[in-house]
Amino acid sequence: MRSELRTRVNEDIMTLRRIFAAGSVALLLATTAVQTAAGQPTQIGDLSITQPWTRATPPRAHAAGGFVTIGNTGDTSDRLVAATSAIAGRVEIHEMRMDNGTMIMRPVDGGIEIPAGGETTLAPGGLHIMFMELKQGLVEGETIPVVLTFEQAGDVEVQFAVAAIGARAPGQS
């Protein structure tokens with residue numbers, strides 16, 4: 001009798017352990033999904049890609065800018081050399097700068113350096129990704145998939161959050 005009771009108690013303990021383990025895994029997955037949805041950094045090798053965003057577009061817009069911060073914890077620099085997205089016929093890496101009092105926007109030859117141990121920010125009014133020949137309007141609150149291509153790290157797909165028209169920073173309305 002005592003042996004049966006001990007066996008039954010051990011079985012109950014094992015069942016409780018399995019239930020606890022399954023619950024822990026479910027909680028971990030749920031937490032990961034919330035963190036990803038909240039815009040946690042995307043990691044590829046030594047590169048960390050944070051705050052990818054763009055702006056909503058007015059009707060019939062043909063172009064939009066994309067912005068992101070890329071950190072590099074490695075010992076060697078890398079370069080953002082290209083970007084692609086299904087929402088645009090063409091995607092280019094651009095710079096915007098003042099030249100003799102005139103704002104100039106043009107493609108960047110050779111890509112953008114991500115220095116070893118540093119970071120590079122693509123932001124309104126400076127370096128940015130240019131989505132041209134838009135195939136659809138960009139709607140506030142949605143996300144768009146963008147593949148960033150690095151010289152060393154290769155390709156990584158990142159979801160760009162769509163902020164309000166005219167936003168100066170991610171998450172602005």
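1. Trp53 and Phe67 are both buried. This is a predicted model, and the two residues form an aromatic pair with ring centres 4.7 Å apart. The planes meet at 45 degrees, so the pair is classed as tilted.

2. Trp53 sits in strand 2 (residues 47-55), whereas Phe67 belongs to strand 3 (residues 63-72). The pair therefore ties together parts that are 14 residues apart in sequence.

3. The structure has 2 aromatic pairs. Phe131 and Phe160 also form such a pair, with 6.2 Å from centre to centre. Their planes stand at 90 degrees, and the geometry is edge-to-face.

4. The relative accessible area of Phe131 is 0%, and the residue is buried. Phe160 is likewise buried, with a value of 0%.

5. On secondary structure, the protein chain contains 1 helix and 11 strands.

6. Of the contacts in the protein chain with a separation of 6 or more, 65% are between residues 24 or more positions apart.

7. The protein chain has 173 residues, and 31% of them count as buried. Its accessible surface is about 10600 Å². Carbon and sulfur atoms hold 55% of that surface.

Technical notes:
Residues are numbered from 1 along each chain as its sequence is written. This is a predicted model: local features need pLDDT of at least 70, side-chain atom pairs count only at pLDDT 80 or more; totals for chains, interfaces and linings use all residues. Side-chain values use heavy atoms; hydrogens and water are left out. Helices (H or I, at least four residues) and strands (E, at least two) are DSSP runs, numbered from the N terminus. Buried means under 20% relative accessible area, exposed over 50%, partly exposed in between (1.4 Å probe, protein chains only). Contact means heavy atoms within 4.5 Å. Accessible areas come from the Shrake-Rupley method with a 1.4 Å probe; for residues, only the protein chains shown count as cover. Rings of Phe, Tyr and Trp (its six-membered ring) pair if their centres lie within 6.5 Å; planes under 30 degrees apart count as stacked, over 60 as edge-to-face and the rest as tilted.
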